There are 2 protein chains.
Amino acid sequence: MTRTFDIAVIGATGSVGETLVQLLEEREFPVANLHLVASGESAGRSLSYKGKNLRVRDLETFDFASVRLVFFAAGSKVTQKYAAQAAAAGCAVIDLASGLPAAQAPRVIPEVNPAVLASLTAPYLLTSPSAPGIALAAVLAALPEQVRIHRVTVTACLAVSSRGREGVSELARQTAELLNGRALEPQLFDRQMAFNLLAQVEQTDSSGHSALEQQIAGELKELLALPDLQVAVTCIQVPVFFGDSLSVSVQAESAIDLSQVYASLEAAPALELVELDDYPTAVGDAVGQDVVYVGRVRAGLADPAELNLWIASDNVRKGAALNAVQLAELLIKHYL
Amino acid sequence: MTRTFDIAVIGATGSVGETLVQLLEEREFPVANLHLVASGESAGRSLSYKGKNLRVRDLETFDFASVRLVFFAAGSKVTQKYAAQAAAAGCAVIDLASGLPAAQAPRVIPEVNPAVLASLTAPYLLTSPSAPGIALAAVLAALPEQVRIHRVTVTACLAVSSRGREGVSELARQTAELLNGRALEPQLFDRQMAFNLLAQVEQTDSSGHSALEQQIAGELKELLALPDLQVAVTCIQVPVFFGDSLSVSVQAESAIDLSQVYASLEAAPALELVELDDYPTAVGDAVGQDVVYVGRVRAGLADPAELNLWIASDNVRKGAALNAVQLAELLIKHYL
C-alpha cells in the first residue's frame, strides 16, 4: 500500500497556493490529510480539492505537529516567522518565497540539482527558487557539458501575476481605464503599467540592483554549482498577465557547437525547444504547461563563444507551484 | 536674410513622415516650399503645415529637380527605388528607412558622429539610423572616454508603432477583443500581441538573427567608430503603443568609475539621466520628448567593468523624425 502524508499549504488562497493544491490533485500526490492554511483574513474561506470543499484554517493557530510536510507560499515574511516552528515540529519544509538563507534551505530544482538532497538531514528544509531563476537554470543546466558558461546576461520580463492577484487585477483595471479614456489611477504599481514597461521590480538598493535581481544571480550560481559565474540581471515588469519571458545571452569559454546545443535542449524532458522558423511566447505556449519553452537559439553575430536564447515559462505553475510539488515528490520518494 | 530650401518628404502620410513635418514647423526649419509626397493610394490627401493644408503628391510623378533636400520615410524599398533619382537631380538625401548601403549613405547622429559629414561630397546622402540604434548610440557615445567598451548586450523592446499606424491599431483592436471576450484575430502580427511579448521582430535569417538585430549591431559599430565591438542584440515586440525601451549591459576593458559615468550622462545635452531612486519609462517620460532617457545606471553585481543601463526613447520622434531633421539642420548650416 502507498504511504500517504499529511500536508499543509500555507498561503493556500494565493494564486501560487491555489495552483499548488490543483497540482497535488492532478499529480495524485499521496495526500492523507490536506490542510489549507492562510492568514486571518482568508481563513474561513473554502477551496475545492478532489471534489470536496476544504475550509481554510488560520495560520496563527495552526498546529504544525499535525502534518509531515509544509509548503510555504505566502511571502518571505511568513516563511521567516513560521518555518522554524514547522521544522521544530518535525515537518519537512518547502519554501516558495525564498524566506530562508540558502545555507539553511538550499535551492533545488529536481531536474537541475536533485543530488543536493542527499547531503541534507531531517527535517529537510528546501527552497523552491524564483520563477525566473527556475526557468533560466532549467535551460542553462540542459546545455551540453562542452559549453562552459562564464557569463550570463539576462533581461527577465515578468508578468504582473508575479505580484499576485493584485497585479493581475491592476493591469486589467488600468487597461480598461485607458481604453475607455478614463483617468488612470495606479495603485499596486507606482505608475502606468498598461501599455508600458516598468524598468524595475520593487525597490533597488544603494548599488541600484533590486532584491530579485540579486536573488536570481545567487540562485543561478548555486543551482548550476558555478560560484564564479558572472551574472547580469535586469528584471522588468511587463503588461502581460501570466508567463515570464527571458532574453538571455550566454558567454562561454570557447566556441559553441550549435548542433550539440540543439540536441541537448531537444533531449531535455523539462524543456520544449522551438526551432528557428518559429519562436515561443509566454501566452501562446508556456502558460499552463509543465515545460519551459526555449527558442531563438543562435550564436553571436561575431562571437562563436556567445549563445543567445529566448525563454518563456509559466511563472505561477512551472516557476513556482510545480517545482515545489516536484521537490515534494522527490522528498517522499527518497527521504521521508 | 536666411536662406530657405525647397524640401520633399517622401512618405509624408506615415507616422514618422507626419512627425517630421510637425518638427520642420516646430523647429522653424528654413523651408521655402514643402512638398509632401506619398505613394499613389495616399496621394491627394491633405496635411496641415503652418496653418495651411498641403496636398500630398504622387511619388510616381514627383520631379525631384524641384527640391534641394529629400527625406525618405517610406520604407527601404521606396528609398532603393527613388534615392538615386533624387541624388541625380542634385538633391541631398536623408534616408530614414536604411535603404542604402552604409558606404553610400553613412549613418549619422548629430550628437554622436557629426564629423562624418566633412568627408562627404555633394549631393550628400545620409542615413538616419534605426530608432533603437539612435537611442543606444546616443547613450553609449556619452559615456566618459575612460570607459573603453568591448561588448554591448541589448534587449530592445520595441513599441508597436515601430510597425507604423497598422501596429498601433492592431494592438488597440486585439486588446479590446480580449477585454471584451471576443475571439482574437491577429493580422499584422502573426499571433497575439496584446498582453504578450513577441520574441522577434519580423523574420530571421538562417543564423537566427533578424535584419533589424544585424542592422543595430552594424549601426553601433559605425556610429561609435568601434569596428571590433561585440554586439549581442535581441529585438522583441512589446504591447506598448509608443516608445522603445532598451535593457543594456556594457562590458568595458577595465573597472568603471560610476561617478564619472553619472557626470558624463548628466552633462550630455541629448540625454536625461534619471537617478537611482527612480527610473524612466517609455510612456511616462520619453514619449513626445527630444531627449533619450537613461536610468538604472549600475555596475555589475560582481564585475566592476560591467555597466548596466535602461534606456527609454520616443521611437517615432527622437528615434526617427527628429534625428533626420537635426541632420538636415547640420547639412544646411555647413554644407548646402
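**Figure 1. The two domains of chain A.** Chain A is divided into domain 1 (5–129 + 320–334) and domain 2 (133–314), with bounds taken from an automatic or database domain assignment. The C-alpha centres of domain 1 of chain A and domain 2 of chain A lie 25 Å apart. To the contact (heavy atoms within 4.5 Å), domain 1 of chain A gives 19 residues and domain 2 of chain A gives 14 residues. This is a predicted model, in which local features need pLDDT of at least 70, side-chain atom pairs count only at pLDDT 80 or more, and totals for chains, interfaces and linings use all residues. Residues are numbered from 1 along each chain as its sequence is written, and side-chain values use heavy atoms, without hydrogens and water.

**Figure 2. Area buried between the domains.** Domain 1 of chain A and domain 2 of chain A bury about 1300 Å² between them, 56% of it on carbon and sulfur atoms. Buried area is the accessible area (1.4 Å probe) that two parts lose on being put together, summed over both. In domain 1 of chain A, the residues that lose the most area to domain 2 of chain A are Arg107(A), Val112(A) and Pro129(A), together 39% of what that side buries.

**Figure 3. Salt bridges across the interface.** Two salt bridges are found across the interface of domain 1 of chain A and domain 2 of chain A; the term denotes a side-chain nitrogen of Lys or Arg within 4 Å of a carboxyl oxygen of Asp or Glu. A salt bridge joins the side chains of Arg107(A) and Glu222(A), at 2.9 Å from N to O.

How values were computed. Chains are lettered from A and ligands numbered from 1 in the order in which they are written.
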